[in-house]
Amino acid sequence: MDPERFWQLVDLLGGVADDTSTPRLDAVLQETDETHDFLVAVGAAVTRLLARCPVPASHGGDTAEWIAASVIAAGRETYERTLTAGGGLDPDGWDWGEAENLLVAGMTDDRDADEIAEEELGGRVGLHLEWKTTSVPDGVTSNYDPETDWFGDDPRFGHTIVHDPDWVTALGRLDEDAEFHRRRATIGNVGLHVVVREVSETELVPWPSADAVENVVLLLPASLVSAAESRVDAYLEALVTLVASLQDQAGDS
């Protein structure tokens, strides 16, 4: 794949690789049968960038590739300028939380349809779920590993990959609710996250700080969600509580 075509495809992301933008790229790659060549080019661009612009040791491994992917997603001019400048990559300077999507672009056919729907709905509604427990209820899958849980619940350091059909159902209901979209819009671009953990009570946590809020995490006790008669209702209640709490803090209604 020549560079011009590669960057033309990257431009479909609109500057950021996330759950909202990458489905557009996926569709084109599948239609043109360019997935393999594109991913080879992505891998080469990631390797080249990290060789010249390393990330901090705290963000090594897969996270380093996600950060590099976010630089690529920002477009050719940004990538080449960053590469030419050299020096370390500051994780705080790049929108890499969902940039793993770029590393598997075009491969959505290999995933379950519900997982794709979950990503698309989550991006559209602006809500994300994580189960950070060593055991999960039937129907829930999570790649959470307590041994690699170094950064706690700060969304800037990536996400635990989770799938729950009940979460998809809850998101679908909210997506059809015009009032919810109105309320969500009043919060702006703040990321909203629900994290299920082995905690004793529900807690609302701003990241990186209360004075500079980029994301808000609603911590939910695993026992509360697991014991609920309906996880769909438990999720909906949590999400409404999350949005309402933020509106109250901002003085909106």
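Mentor: Among the contacts in the chain with a separation of 6 or more, 71% are between residues 24 or more positions apart, where contact means heavy atoms within 4.5 Å. This is a predicted model, in which local features need pLDDT of at least 70 and side-chain atom pairs count only at pLDDT 80 or more, while totals for chains, interfaces and linings use all residues. Residues are numbered from 1 along each chain as its sequence is written, and side-chain values use heavy atoms, with hydrogens and water left out.

The chain has 11 helices and six strands (DSSP runs numbered from the N terminus: H or I of at least four residues, E of at least two). With a radius of gyration of 19 Å, close to the 18 Å that the globule rule gives for 253 residues, the chain is as compact as a globular protein of that length (C-alpha atoms; the rule is 2.2 Å times the number of residues to the power 0.38).

Turning to the rings, the structure holds five aromatic pairs (Phe, Tyr or six-membered Trp rings with centres within 6.5 Å; planes under 30 degrees apart are stacked, over 60 edge-to-face, the rest tilted). In one of them, the rings of Phe6 and Phe38 have centres 5.2 Å apart and planes at 35 degrees, so the pair is tilted. Because Phe6 belongs to helix α1 (residues 3-10) and Phe38 to helix α3, this pair ties together parts that are 32 residues apart in sequence. Phe6 and Phe38 are both buried. The pair formed by Trp66 and Trp96 is also tilted, since the centres of the rings are 6.4 Å apart and the planes meet at 35 degrees. That pair links distant parts of the chain, 30 residues apart, with Trp66 in helix α4 (residues 62-73) and Trp96 in the loop between α5 (76-85) and α6 (100-103); both Trp66 and Trp96 are buried. Ring pairs also link Phe6, Trp7, Phe38 and Tyr79 into a cluster.

Helix α3, which spans residues 35-52, also holds Thr35, a residue that counts as buried at 16% relative accessibility. Leaving aside residues up to four places away in sequence, Thr35 touches Leu29, Gln30, Ala105, Gly106 and Met107.

Notes: Buried means under 20% relative accessible area, exposed over 50%, partly exposed in between (1.4 Å probe, protein chains only).
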